[in-house]
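Hello,

Here is the structure we talked about, with my notes on its pockets, its salt bridges and one surface patch below it.

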Amino acid sequence: MLKKISLLGATGSIGLQTCDILLNHPEEFRLVAFSAGKNIEKTREIIQALQPELVSVQEEKDAYALKKEFPHINFTYGEQGLIEVATHPDTSILVNAVLGSVGLPSTLAAVRMGKTIAIANKETLVTAGHLVMEEAKMHHAPILPVDSEHSAIFQSLNGENPKQIRRLILTASGGAFRDKTREELKNVTVKEALNHPNWSMGAKITIDSATMMNKGLEVIEAHVLFEMPFDQIDVLLHKESIIHSMVEFQDTSIIAQLGTPDMRVPIQYALSYPDRLPLIGGKPLNLAEIGQLHFQKVDFERFRALKLAYEAGRMGGTILTAMNAANEAAVQLFLQEKIAFLEIEEIIERIMDNHDNISNPDLETILHVDKETRKKVLSMVQ
């Protein structure tokens, strides 16, 4: 049966790879609605290739300009546009691949319609995981992970009893600076930080990978998705990124999911679940060729962002929103070369230290804390 898809964040790294999968499997999937930001050139390409019914862009002027070019397609814009794409009545799956907490209201709207949510947007689960999962249970909306680590855990748990899990083990490449000391990190450049050794990702996620905040967000996501206490979620440095994550059970058995680093694998699995489809252009894993896999314990003093994420996760509440918003704002400032690399962590820590935590926030409170935190970060730098 043809699955009809809504896609948030079509012109980003995950969005484009999702489009690639849809193009390769036209008999399985159809893109009905998608949102894009300001990349109008890529938006045009996706429209021409996949012929959706509804497209949302960030700016009103772009929506009007595109309508003249494609009069047979409906165009919308802004935050309301994201919600319209997410809640399109003809689609059954929403792929949330937008960056940052902007995808939260639209995801909740889709959950309330009982749609399957293929989630690649960490920030939605980090800042409002309790709301998303409560609503998902209430409306019987399946939440399927797209992150390679959570997809690996999801696949490793197929057919297993979750009550018999001893711990979840998330693997981490260590990012662009995994072999550098903190002293060596003082003067690293944006260009160096964007040079990830294994994965091809967007700028924000690549910087998060270099600070290891990416892994911190994933630890919080794992806690939310698999209802696992933080003391039972470990991180292991694994520089080859071949084992994507593992589950250890009570009997000491460990089940892992392996594969070459290719984000299309977890994206496609979330779309095709419970089935598997051929990955067009995918490179099979040849362990004989690789020969060795390396593992190393994580040093929390070296990777302070990961330590901060564990601290925020254990506290819960609005400190998660504050931590995430501080990180997003600080990463943006680093990309604009307004702060040094190590200042990203310093800003997050200062925001967390001065935060008045609210333990069970509603959506309005979360959005308010998010907005206020970003303002604070800007005023700290100015």
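**Pockets**

The largest pocket has a volume of about 1200 Å³. Please keep in mind that this is a predicted model. In total, 43 residues line the largest pocket, and Q58, V98, L99, G100 and V102 are the ones nearest its centre. Several elements give two or more residues to this lining, among them α1 (13–24), β3 (54–57), α4 (78–86), α6 (122–138) and α16 (363–381). Helix α14 supplies the largest share, with five residues. By residue type, the lining of the largest pocket holds 16 nonpolar, 17 polar and ten charged residues.

The second largest pocket contains about 470 Å³ of space. Its lining consists of 19 residues, with F154, L157, P162, L225 and F226 closest to the centre. At least two lining residues come from each of α6, β7 (143–145) and α10. The lining of the second largest pocket divides into 15 nonpolar, one polar and three charged residues.

**Salt bridges**

The count of salt bridges comes to 28.

- E135 pairs with R112, with 3.1 Å between the closest N and O atoms.
- E248 pairs with R167, and here the closest N and O atoms are 2.4 Å apart. Because E248 belongs to strand β10 (residues 243–249) and R167 to strand β8 (residues 165–172), the pair ties together parts that are 81 residues apart in sequence. E248 counts as buried, with 5% relative accessibility; R167 counts as partly exposed, with 26%.
- E301 pairs with K307, the closest N and O atoms lying 2.8 Å apart. E301 is partly exposed at 45% relative accessibility, and K307 is also partly exposed, at 30%.

Beyond these pairs, salt bridges with shared partners join K122, D147, E149, K215 and E218 into one network.

**Surface patch**

L258, L287 and I290 make a nonpolar surface patch of about 220 Å². Of these residues, L258 lies in strand β11 (residues 254–258). Patch residues need over 30% relative accessible area, and L258 has 36%, so it counts as partly exposed.

Regards

Technical notes: Residues are numbered from 1 along each chain as its sequence is written. This is a predicted model: local features need pLDDT of at least 70, side-chain atom pairs count only at pLDDT 80 or more; totals for chains, interfaces and linings use all residues. Side-chain values use heavy atoms; hydrogens and water are left out. On a 1 Å grid over the protein atoms alone, a cavity is a set of points where a 1.4 Å probe fits but cannot get out, and a pocket is an open set with protein on both sides within 12 Å along at least five of seven lines; lining residues have an atom within 4 Å of a point. Grid points are joined across faces, edges and corners, and a volume is the space filled by probe spheres set on the points. Helices (H or I, at least four residues) and strands (E, at least two) are DSSP runs, numbered from the N terminus. Ala, Val, Leu, Ile, Met, Phe, Trp, Tyr, Cys and Pro count as nonpolar, Asp, Glu, Lys and Arg as charged, and the others, Gly among them, as polar. Patches are made of residues with over 30% relative accessible area and no salt bridge: like charges are joined within 9 Å, nonpolar side chains (Val, Leu, Ile, Met, Phe, Trp, Tyr) within 5 Å. Accessible areas come from the Shrake-Rupley method with a 1.4 Å probe; for residues, only the protein chains shown count as cover. A salt bridge is a side-chain nitrogen of Lys or Arg within 4 Å of a carboxyl oxygen of Asp or Glu. Buried means under 20% relative accessible area, exposed over 50%, partly exposed in between (1.4 Å probe, protein chains only).
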